[in-house]
Amino acid sequence: MEETRTIDFFDRTFHLSENNTNIKQECLAGLTTFVSMVYILFVNPSVLGVAGMDKGAVFTATALSAIIGCFLMGILANYPIAITPGLGDNAFFTYSVVLAMGIPWQKAMAAGIGIFISFVGLQGGGIIVSSKSSLVELGSLTVPTTWITIFGIFLIAILMVKKVPGAIFIGLVVTTLLSLLTGLVKMPDHLISMAPSLEPTFGVGIKFLSTMTDPKMWAVVLIFLLVAFFDTAGTLVGLAQEAGLMKDNKMPRIGRALMADSLSMLRGVVMGTTPTSAYVEPSAGIAVGGKTGLTAIVTGTLFILSMAFSPLLEVVTTQVTAAALIVVGVLMVSALKDIEWDKFEIALPSFLVAIGIPLTYNISYGIAFGFLTYPILMVAAGRRKEVNVVIWSMFFVFIALLYILNILLK
């Protein structure tokens, strides 16, 4: 009787029967989604650690953000979509805001991309290094840690080709074990412990809200808005289509889904991590039958359990996470296939964004290149009516921002 009541509760709450699914199927989907994206617990601290942030605190903030995001998505929107801090956002935060603009991470936290991410991974793994003559060149292949990254790339790539669920996570685990066996890293004293304290990062960004009068901070806010909104909205629609949840080419409850992401983003920034976003990895869970918010709830629950494994941060090194960054970059670049490359007014701005981000080492500059060329070329192509007021507004905003940033960065 008790089991029947439990089944009825989940059925009423998540509309399982209506969506032709059941508890077992949703739990399997949630587990698959978790395994596919748990790598973020180690990659995010690795990236934000470059900005000077406490890796332990970022680990905890990342896990809590994922837990909150998944539960909100499951309860508010009833979608099998998981939310965690986005890789595009953390790369922009670290390499563009903190390192390029020189804004301290404590101040930058108050604001709140595939070739670039891959480029960062290639650098972190030592495959690409700086050069005085050619800016970049191939790194030394005699360095053992570089081969750890190369091994990780090939392993994850093979697993992806074989369509193995959780390919990136499995790649991280195996590559870490290889690092331990070869003596490149040492096993931590404990594998399980209490999650690190949030004290080093909690609420830090709130103290710096008064600095929003800084022109550089306005640029940061604008780019975060663009990256976070378009990334999340595009991913939500894509996943809803894959799950067969679209109705009349519209996504039901998209407002609730965006609210879940926004609330998670706000809490994540307060705790001390970059903005959250919907991930493409839940497509793995959807592929095995996930159709409702119960999938997201299961994923969030597993993130709770994962918080006990923070000691592994000591063995999951930059060389290990570099392989994951490179592969994720490949997945993000795949969106370029949808660009109308046969229309030059579309092709050039798109190319300038894609190539401008890694070459300037600044996401904001790359996006600016696109907004500054797109409206002009569209007018030249006789497509002026397709350029709306928002695009023109962004055109003039980016002219002003580039001018201001050029002065401030000198």
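This is a predicted model: local features need pLDDT of at least 70, side-chain atom pairs count only at pLDDT 80 or more; totals for chains, interfaces and linings use all residues.
## Positive phi values in two loops

Asparagine 78 belongs to the loop that runs between α4 (55-77) and β1 (83-85). Its phi is near 55°, a positive value in a residue other than glycine. Asparagine 78 has a relative accessible area of 10%; because the limit for a buried residue is under 20%, asparagine 78 counts as buried.

Lysine 163 is found in the loop between α8 (144-161) and α9 (167-181). Although lysine 163 is not a glycine, its phi is positive, at about 60°. The relative accessible area of lysine 163 is 72%; since exposed means over 50%, lysine 163 is classed as exposed.

## Packing of α8 against α14

Helix α8 packs with helix α14 (residues 318-333) at an angle of about 40°, and the two axes are 8 Å apart. Angles under 35 degrees count as roughly parallel and those of 65 to 115 as roughly perpendicular; α8 and α14 are therefore oblique to each other. The crossing of α8 past α14 is right-handed.

On the α8 side, the contact is formed by Thr145, Ile148, Thr149, Gly152, Ile153, Ile156 and Met160. Helix α14 contributes Gln319, Val320, Ala322, Ala323, Ala324, Ile326, Val327 and Leu331. By residue class, the contact of α8 with α14 comprises 11 nonpolar and 4 polar residues, with no charged residue.

Conventions:
Residues are numbered from 1 along each chain as its sequence is written. Side-chain values use heavy atoms; hydrogens and water are left out. Helices (H or I, at least four residues) and strands (E, at least two) are DSSP runs, numbered from the N terminus. Buried means under 20% relative accessible area, exposed over 50%, partly exposed in between (1.4 Å probe, protein chains only). Axes are lines fitted to C-alpha atoms, for helices over the stretch in contact, and angles run from 0 to 180 degrees between N-to-C directions. Angles under 35 degrees count as roughly parallel, over 145 as roughly antiparallel, 65 to 115 as roughly perpendicular and the rest as oblique. A crossing is left-handed if the near helix is turned anticlockwise from the far one by less than a right angle, and right-handed if clockwise. Contact means heavy atoms within 4.5 Å. Ala, Val, Leu, Ile, Met, Phe, Trp, Tyr, Cys and Pro count as nonpolar, Asp, Glu, Lys and Arg as charged, and the others, Gly among them, as polar.
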